Amino acid sequence: MNIAFELLVRAALEERIAHLLLFHSGAALERRQAGVYLAQALNCQSLRAAAPCLECSACRRIHSGNHPDVHILQPQKASLGIEEILHWQEQVYRKHYEGKYKVFILEQADRLTLPAENALLKVIEEPPERTIIILSAQNAEALLPTIQSRAQAVYFPETEKDNWLNSLDPSINPQEAEEAFMLSGNDPEGALVILDLGVAKVKQWVDQFEEAIRESDFLKVFSLFPIEKNEALIYLQVLAYQEYADVRSPGAMLAINKTLDQIRKQANPRLAIEVLALELFRQGGH
Ligand SMILES: [Zn+2]
């Protein structure tokens, strides 16, 4: 829960919101979703308690990017240049289509060129009425101090996961990446190994191992090999984290961690895991 953002939504609902906001840090996607949500809070046709309904025509069109008063501007090139800002400026001064708030989200605002920043500054100095401009930037410090000082800054907490997701190659499916991160027990290095092996493959191995333990079926354990050392390590890491997350059996956790240690110290992965399976059978499944 982001308290700064919660307060901002409340201010929006009470229509006492600043004209210029600077969303910074955190993850780009989260900042965009926050901007869209704020636009919904400002334009919702049937507010519920302290939140936009997300179901009225305005909320739905904002969500799908089809509301004439809500715009997201993204750089098409490495930076956001003067032409784009001048074109954008025309939209800003156009009248409202639907009468409530116009909301403009400028993504990657830390990549505005200097002339573009100066053009933006003019708009900020003569703000059109009922218009909210949201600058979304990873690094707030990259903006001109005159822009920073005029904006109400809203900090988005940076989680280890955000940092890791932001650092990945864009070709990697973000959902799969997130799942890998979760399976690894929030371990960025482990998550990379899982992505390399494939999330589905890792889950399948761990599920089958757990099934074998539940059923005390040693033949099923045999069928899980051969595996490489690095595979064995990540499978056991995922397994250990699941034990930990489910708070099932401290004995099982200890046994898994001991096996991890042995494999790291060059024990034969297959042998070590078979011994582990016997130990887990002895503990009576989970
Ligand atoms: Zn609504």
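User: Is Val 206 buried or exposed?
Analyst: Val 206 counts as buried because it has 20 C-beta neighbours inside 10 Å; a residue is called buried if 20 or more other C-beta atoms lie within 10 Å of its own, exposed if 12 or fewer, and partly exposed in between, with C-beta atoms placed from the backbone. Bear in mind that this is a predicted model, in which local features need pLDDT of at least 70, side-chain atom pairs count only at pLDDT 80 or more, and totals for chains, interfaces and linings use all residues. Residues are numbered from 1 along each chain as its sequence is written.

User: Which helix is Val 206 in, and what is it in contact with, beyond its sequence neighbours?
Analyst: Val 206 belongs to helix 10, residues 199-214, where helices (H or I, at least four residues) and strands (E, at least two) are DSSP runs numbered from the N terminus. Once neighbours within four places in sequence are set aside, Val 206 is in contact with Tyr 235, Val 238 and Leu 239, contact being taken as C-beta atoms, placed from the backbone, that lie within 7 Å.

User: What domains is it divided into, and what separates their centres?
Analyst: The division is into domain 1 (3-157) and domain 2 (178-282), with bounds that come from an automatic or database domain assignment. Taken over C-alpha atoms, the centres of domain 1 and domain 2 are separated by 46 Å.

User: Which way do strand 1 and strand 4 run relative to each other, parallel or antiparallel?
Analyst: Strand 1 and strand 4 run parallel and are joined by five bridges, and two strands are said to pair if DSSP finds at least two bridges between them. Within that pairing, Leu 21 stands opposite Ile 134 of strand 4. Strand 4 (residues 131-137) is mostly covered, with six of its seven residues buried.

User: And how many bridges join strand 3 to strand 4?
Analyst: Five bridges join strand 3 (residues 102-106) to strand 4, and these two strands run parallel; Lys 102 has Thr 131 in strand 4 as its bridge partner. From strand 3 the chain crosses through helix 5 (residues 114-125) to strand 4 in a right-handed β-α-β crossover, which means that, with the strands pointing away from the viewer, the path from the first strand over the helix to the second runs clockwise.

User: Where is Arg 150, and which residues is it in contact with?
Analyst: Arg 150 is in helix 6 (residues 145-150) and counts as partly exposed, with 16 C-beta neighbours inside 10 Å. Leaving out neighbours within four places in sequence, Arg 150 is in contact with Leu 20 and Ile 124.

User: What about phi at Glu 15 and Gln 266?
Analyst: Glu 15 has a positive phi of about 55° although it is not a glycine, and Glu 15 lies in the loop between helix 1 (3-13) and strand 1 (20-25). With 10 C-beta neighbours inside 10 Å, Glu 15 counts as exposed. Gln 266, also not a glycine, has a positive phi of about 80° and is placed in the loop between helix 13 (250-264) and helix 14 (269-282). Gln 266 counts as exposed because it has 9 C-beta neighbours inside 10 Å.

Terms used: Two residues are in contact if their C-beta atoms, placed from the backbone, lie within 7 Å.
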